[in-house]
Amino acid sequence: MKFLRHLAAVVFVVAVIVTLGMLWAHVSGGVDTGLGPMRVPSGKAFGPIRANLIGARPGDGFHLDDTRNLIRTCEIEAVLAAVVITVSAIRRRERRLRRAAAERYM
Amino acid sequence: MNAGPPTSLADRPVTPSRRRVLARTRLDFWLDALMLVAYTLAYSLGFTGIATHEWLGIGLGVVLLIHITLHWDWVIRITRKLLLPGGRERFIWLVNLLLLGSMTLCIASGILISEVALPQLGIYLPGSPFWREVHNVTATLTLILVPIHAALRWRWIAGMARRFAGWRPGRSR
């Protein structure tokens with residue numbers, strides 16, 4: 001029962017986000033309604049990374065001969081995770097040292 | 001399984017409530033791992049091909065709903081505490097909110113521009129360049145946020161991985 005209540009709340013939040021997206025499309029004239037020129041959101045800032053989404057291959061199933069895309073995605077994720085973990089570990093160490101120093105002076 | 005008296009928290013006798021907690025933790029861990037692998041595969045469009053990409057995306061949508069539902073208590077607890085001092089949980093909350101928005105829009109726009117999955121179900125939607133671009137931008141934003149989201153909980157992930165691998169510090173296997 002609790003799960004269903006929470007699921008309903010999550011579905012509601014997701015519906016709000018999708019509705020906001022639809023409104024965005026409507027306001028920016030992004031969806032072709034025949035009322036005017038279409039403007040699409042610019043994704044130029046992501047140029048180098050989003051190359052993965054370009055060059056989609058048709059057909060079903062995995063293309064095991066082309067693992068470059070997969071390796072690149074894994075590399076991006078690994079680098080970002082490593083940065084966050086490093087920063088988090090440094091900050092944790094600093095906090096611990098500060099606490100130890102404060103205890104020494106007390 | 002545990003011979004002799006309990007020596008640590010991990011060696012406590014397994015009561016029904018503890019068993020429930022362990023089962024829930026295991027579910028969280030494997031569901032999160034599944035989502036990470038699924039997203040990594042779905043983003044690698046050249047590797048998966050369009051059909052697998054689309055079905056993975058739709059599956060991710062369902063798993064995302066379950067994932068947030070399972071963590072709804074955390075969402076409510078932290079949302080209530082947002083005005084109190086303490087930066088870390090607030091930062092995690094913000095990353096999670098961004099990720100929810102970005103992943104939701106990514107999956108929704110993916111459904112709207114579907115070329116294989118929905119037509120297979122007999123549903124035809126008019127794709128638009130707007131939703132295609134939204135899909136590209138939010139997919140990339142999600143790619144950035146997913147590892148950050150996971151890495152912010154790396155201690156829990158490492159702990160769980162160690163536990164499932166049966167390894168405990170200071171104890172030979």
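**A helix and its neighbours**

Mentor: The C-alpha centres of domain 1 and domain 2 of chain A lie 34 Å apart. Domain 1 covers 1-32 and domain 2 covers 68-106; these bounds come from an automatic or database domain assignment. This is a predicted model: local features need pLDDT of at least 70, side-chain atom pairs count only at pLDDT 80 or more, and totals for chains, interfaces and linings use all residues. Residues are numbered from 1 along each chain as its sequence is written, while chains are lettered from A and ligands numbered from 1 in the order in which they are written.

Start with the setting. Chain A has 2 helices and 0 strands. Chain B has 7 helices and 0 strands. Helices here are DSSP runs (H or I, at least four residues), strands likewise (E, at least two), numbered from the N terminus. Of the 106 residues of chain A, 13% are buried; in chain B, it is 29% of 173 residues. Buried means 20 or more other C-beta atoms within 10 Å of a residue's own, exposed means 12 or fewer, and partly exposed lies in between, with C-beta atoms placed from the backbone.

Now the part to look at: helix H2 of chain B, residues 45-70. Take its partner in chain B. The axes of H1(B), residues 16-43, and H2(B) come within 9 Å and cross at roughly 150°. Axes are lines fitted to C-alpha atoms, for helices over the stretch in contact, and angles run from 0 to 180 degrees between N-to-C directions. H1(B) and H2(B) are therefore roughly antiparallel. Under 35 degrees is roughly parallel, over 145 roughly antiparallel, 65 to 115 roughly perpendicular, and the rest oblique. Their crossing is left-handed, meaning that the near helix is turned anticlockwise from the far one by less than a right angle; clockwise is right-handed. H1(B) brings residues including Leu31(B), Leu34(B) and Met35(B), and H2(B) brings residues including Leu56(B), Leu60(B) and Val63(B). Contact means C-beta atoms, placed from the backbone, within 7 Å. By class, this contact has 12 nonpolar, 5 polar and 1 charged residues. Nonpolar covers Ala, Val, Leu, Ile, Met, Phe, Trp, Tyr, Cys and Pro; charged covers Asp, Glu, Lys and Arg; the others, Gly among them, are polar.

Next, chain A. H1(A), residues 2-27, packs on H2(B) at about 120°, with the axes 9 Å apart. H1(A) and H2(B) are therefore oblique to each other. H1(A) passes H2(B) in a right-handed crossing. Phe3(A), His6(A), Leu7(A), Val10(A), Val11(A) and Val14(A) meet Leu65(B), Ile68(B) and Thr69(B).

Arg68(A), Asn69(A) and Leu70(A) touch Leu45(B), Gly46(B) and Phe47(B).

In chain B, among contacts between residues at least 6 apart in sequence, 62% join residues at least 24 apart. Pro129(B) lies in helix H6 of chain B, residues 129-151. Pro129(B) is partly exposed, because 14 other C-beta atoms lie within 10 Å. Ala161(B) sits in helix H7, residues 154-165. Ala161(B) is exposed, because 12 other C-beta atoms lie within 10 Å.

Technical notes
Contact = placed C-beta atoms within 7 Å.
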